[in-house]
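Thank you all for making time this morning.

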Amino acid sequence: MTSLELGRATLRSAAERTATAWNRANRFINNYTPKGLYARALLIIIMPMVVLQSVVAFVFMERHWNLVTQKLSAGVVADIAALIEVYREFPQDPGAAKLRKIAQDRLGLVIDFLPVGDLPPPGPKPFFSLLDQALSVELRKQVRRPFWIDTVGKSALVEIRIKLDNSVMRIFAPRSAAYASNSEIFLLWMVGTSLVLLTVAILFLRNQIRPILRLAQAAEAFGKGRDLPNFRPRGAREVRSAAIAFMEMKGRIERAIEQRTAMLAGVSHDLRTILTRFKLELALLGEGPEIDAMRRDVDEMGRMLEAYLAFARGDMGEQSAPTDMAAFLEELRTDADRTGHTASVEFHGHPIVTVKPAAFKRCLANLVSNAARHAHGIAITGHRDHRYLTVTVDDDGPGIPPAMREEVFKPFLRLDNARNQDQGGTGLGLAIARDIARSHGGDITLGDSPMGGLRASVRVPV
Ligand SMILES: Nc1ncnc2c1ncn2[C@@H]1O[C@H](COP(=O)(O)OP(=O)(O)OP(=O)(O)O)[C@@H](O)[C@H]1O
Ligand SMILES: [Mg+2]
């Protein structure tokens with residue numbers, strides 16, 4: 001391997017690593033961010049707000065709070081330094097009584113003098129030691145003597161001890177004099193106002209998102225072949241125009257279907273009239289083998305015409321209604337039994353499902369009649385969960401080879417042309433069944449049955 005190739009390989013592997021890391025990050029984000037529009041929109045509002053507040057709070061603490069505390073501490077320490085100076089310059093004051101009175105009245109500092117000795121060991125530093133730090137810095141700068149401070153102990157007072165030449169001066173200063181203690185109020189205000197803002201945002205967002213949800217519901221209902229009455233475009237301009245576009249599309253589809261039905265009604269009427277004339281003319285011709293053959297052909301043509309019209313008509317105009325599926329499957333079983341087949345029926349889950357009853361029955365009946373035509377044993381299973389109704393029809397017949405499982409859905413396609421030409425199938429059964437399943441927003445799939453034959457599964461959303 002040349003060094004160039006080596007370099008390329010390293011580059012490539014680095015690129016691959018970046019790509020996988022990127023993919024993983026994407027997957028992580030996809031898995032852990034909320035899926036709903038509402039939650040996402042809220043997140044988009046909350047995230048910047050939290051970031052903004054954190055930054056503001058940090059800068060505020062860092063700069064303003066620090067500075068104010070520093071200034072306040074410097075003031076207190078300046079007072080203390082002045083007191084020490086006076087104490088040393090005017091030793092004639094007995095017991096420093098005047099000094100203590102002035103300090104108490106004018107500066108708000110309580111001072112007294114302890115006999116000379118060592119300062120106590122330094123106490124534990126508080127976790128958030130802004131005051132401790134500021135005081136220490138100022139004492140070191142302005143007093144330049146050994147000192148000891150306790151900012152933890154009593155909450156309202158800060159204790160400071162300073163070692164003088166012949167005594168130890170003890171000072172109690174109010175904490176508020178040295179520390180910007182009301183700054184917490186700022187944070188409280190910030191959190192409070194952001195909560196108010198958030199509430200307002202939630203209320204507004206809800207109103208903005210509701211029309212989108214309504215539109216999604218309407219589109220879903222239309223996809224399942226159900227009607228959604230009193231749907232009206234609402235909300236923001238974009239949402240409204242999407243809703244209007246959706247309604248126009250729905251109208252166009254419905255008009256196209258109407259046109260198709262009207263045309264079919266016309267065609268079927270015309271053809272039926274001609275077929276009836278044929279039959280009459282044949283009846284007038286009397287008896288004979290050719291005439292019988294012709295009569296059979298005309299009958300066959302009539303049947304095919306009916307089947308074709310049924311297919312082309314689809315499930316036009318039928319309204320969805322809550323239907324008891326368990327009872328439905330039971331009827332199918334009775335029908336199969338009547339033709340001398342052994343059929344078993346099972347149903348799991350809540351049996352009331354909203355479908356177009358007649359169409360859905362035709363769909364299942366087509367599957368069962370196929371099974372009955374090709375096999376002896378039939379098993380019908382229904383299963384309903386919170387999203388789907390699944391009905392499978394199993395049989396123990398010859399099945400359909402995998403390569404043909406999509407082909408057989410094509411109208412007029414029959415695999416068993418040679419096998420049983422005269423059994424009267426038109427090759428429309430599966431096409432009609434799939435059409436109906438799709439008009440419910442679902443589909444039909446074919447597979448291998450554990451019984452040895454074909455398994456046809458209808459799955460529609462509930
Ligand atoms: N359960 C099954 N077992 C084996 N082959 C099947 C089964 N169901 C369907 N087929 C094959 O698929 C073809 C198409 O079925 P389809 O139901 O569309 O038409 P058909 O049953 O022939 O006619 P029609 O249902 O209109 O009377 C059938 O001709 C048959 O060859
Ligand atoms: Mg069939």
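**The ligand shell and what surrounds it**

If we sort the residues in the shell around ligand 1 by class, we find 11 nonpolar, 10 polar and three charged residues. Please keep in mind throughout that this is a predicted model. The shell holds 24 residues, and those that come nearest to ligand 1 are Asn370, Leu415, Gly425, Gly429 and Leu430. Two elements, H10 and H11, each give two or more residues to this shell, and H10 gives the most, with four residues.

That brings us to the pair of helices itself. On the H10 side the contact includes Phe360, Cys363, Leu367 and Asn370, which meet residues of H11, among them Gly429, Leu430, Ile432 and Ile436. The residues of this contact divide into nine nonpolar, four polar and one charged.

Let me move to another part of the chain, namely the sheet. It is an open sheet of four strands in the order E1-E4-E3-E2, and the pairing is antiparallel. Which strands stand at the edges? They are E1, at 110-115, and E2, at 147-150, and because each has a single partner strand, one side of each is left without a neighbour in the sheet. From one strand to the next the twist averages 20°. E1 pairs with strand E4, residues 167-174, in the antiparallel sense over six bridges, and within that pairing Phe113 has Met169 in E4 as its bridge partner. Helix H2, which covers residues 37-89, lies across E1, E4 and strand E3, at 157-163, and runs at about 145° to E4.

Is Ile212 buried or partly exposed? It is partly exposed, because 18 other C-beta atoms lie within 10 Å, whereas a buried residue would need 20 or more. Leaving aside residues up to four places away in sequence, Ile212 touches Leu37, Gly235 and Val239.

Terms used. Residues are numbered from 1 along each chain as its sequence is written. Chains are lettered from A and ligands numbered from 1 in the order in which they are written. This is a predicted model: local features need pLDDT of at least 70, side-chain atom pairs count only at pLDDT 80 or more; totals for chains, interfaces and linings use all residues. Two residues are in contact if their C-beta atoms, placed from the backbone, lie within 7 Å. Ala, Val, Leu, Ile, Met, Phe, Trp, Tyr, Cys and Pro count as nonpolar, Asp, Glu, Lys and Arg as charged, and the others, Gly among them, as polar. A residue is near a molecule or strand if its C-beta atom, placed from the backbone, lies within 6 Å of it. A residue is buried if 20 or more other C-beta atoms lie within 10 Å of its own, exposed if 12 or fewer, and partly exposed in between; C-beta atoms are placed from the backbone. Two strands pair if DSSP finds at least two bridges between them. Axes are lines fitted to C-alpha atoms, for helices over the stretch in contact, and angles run from 0 to 180 degrees between N-to-C directions.
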